[in-house]
Amino acid sequence: MAHDDLLILDELSYIPFSKEGAELLSQVLAERHEKGSVIITTNLGFADWTQIFGDPTMTAALMDRLTHKAHIIGCNWDSYRLRESLKEMMNSDVSPVKLRSPHGFLRFPGDQ
């Protein structure tokens with residue numbers, strides 16, 4: 001993976017890494033530093049990346065490499081998956097429910 005033109009890590013925060021897994025990924029990313037492009041998607045802000053990698057020192061070193069010469073795009077919109085599910089529910093006979101999203105409670109027509 002260190003020699004591929006592009007490495008994509010999708011939903012990086014989905015499952016925390018074991019110590020060994022975090023060390024291996026950190027090694028791959030260190031080897032790619034300034035040699036190959038990396039795209040990372042995650043729901044966590046940089047301050048929360050220690051939750052993924054565990055070790056604060058390793059996380060700081062990794063963040064330093066990843067953010068060097070990076071283009072960081074913050075996305076604050078609602079999930080398209082959630083939006084599509086809500087559309088399907090509104091068009092079905094399923095009774096309305098209240099769901100908690102990262103942006104607050106979602107209310108359905110007719111909710112009190």
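1. D55 is partly exposed, its relative accessible area being 37% in this predicted model. A cut-off explains the label: a residue is called buried under 20% and exposed over 50%, so a value of 37% falls in between. D55 belongs to the loop between α2 (50-53) and α3 (56-67). Its side chain reaches the backbone nitrogen of T57 at 3.0 Å. The C-alpha atom of D55 is also separated by 8.1 Å from that of K19, although the two residues are 36 residues apart along the chain.

2. The overall layout may now be set out. The protein has four helices and four strands. Read from the N terminus, the order of the elements is β-α-β-α-α-α-β-β.

3. Of the 112 residues in the protein, 21% are buried. When contacts between residues at least 6 apart in sequence are considered, 55% of them join residues at least 24 apart.

4. Which residues of the largest nonpolar core touch the most other members? They are L9, L12, L25, L29, W49 and F53, in a core of 13 residues. The elements β1, α1, α2 and α3 each give two or more residues to this core. Helix α1 gives the most, with four residues. As general background, nonpolar side chains in soluble globular proteins tend to be buried together.

5. L25 deserves a separate remark. Leaving aside residues up to four places away in sequence, L25 touches L9, L12, F17 and F53. Among these partners, L9, L12 and F53 are also listed, together with L25 itself, as core residues that touch the most other members.

6. L6, I8 and I39 form a nonpolar patch on the surface, and together they have about 270 Å² of accessible area. I39 is placed in strand β2 (residues 37-40). With a relative accessible area of 40%, I39 is partly exposed.

7. How many salt bridges does the structure hold? There are three. One of them joins the side chains of E11 and R81, with an N to O distance of 3.6 Å. E11 lies in the loop between β1 and α1, whereas R81 lies in helix α4, so this pair ties together parts that are 70 residues apart in sequence. Both residues are partly exposed: the relative accessibility is 33% for E11 and 48% for R81.

8. The side chains of K19 and E23 meet at 2.5 Å, N to O. Both residues lie in helix α1, four residues apart, which is about one turn of the helix. Is K19 exposed or buried? At 58% relative accessibility, K19 counts as exposed, while E23, at 36%, counts as partly exposed. K19 is also the residue whose C-alpha atom is 8.1 Å from that of D55.

9. Because E84 and K87 are three residues apart in helix α4, about one helical turn separates them. E84 is partly exposed at 37% relative accessibility, and K87 is partly exposed at 46%.

10. The backbone angles of two residues call for attention. Most residues other than glycine have a negative phi. E11, however, has a positive phi of about 55° although it is not a glycine. E11 is found in the loop between β1 (6-9) and α1 (19-32). Likewise, K69 is not a glycine, yet its phi is positive and near 60°. K69 lies in the loop between α3 and α4 (80-90). Its relative accessibility is 64%, and K69 therefore counts as exposed, whereas E11 counts as partly exposed at 33%.

Terms used. Residues are numbered from 1 along each chain as its sequence is written. This is a predicted model: local features need pLDDT of at least 70, side-chain atom pairs count only at pLDDT 80 or more; totals for chains, interfaces and linings use all residues. Side-chain values use heavy atoms; hydrogens and water are left out. Buried means under 20% relative accessible area, exposed over 50%, partly exposed in between (1.4 Å probe, protein chains only). Contact means heavy atoms within 4.5 Å. Patches are made of residues with over 30% relative accessible area and no salt bridge: like charges are joined within 9 Å, nonpolar side chains (Val, Leu, Ile, Met, Phe, Trp, Tyr) within 5 Å. Accessible areas come from the Shrake-Rupley method with a 1.4 Å probe; for residues, only the protein chains shown count as cover. A salt bridge is a side-chain nitrogen of Lys or Arg within 4 Å of a carboxyl oxygen of Asp or Glu. A polar contact is a pair of N or O atoms within 3.5 Å; within protein, one must be able to donate a hydrogen and the other to accept it, and residues adjacent in sequence count only if both atoms are side-chain atoms. A nonpolar core is a set of buried Ala, Val, Leu, Ile, Met, Phe, Trp, Tyr and Cys residues joined through side-chain atoms within 4.5 Å.
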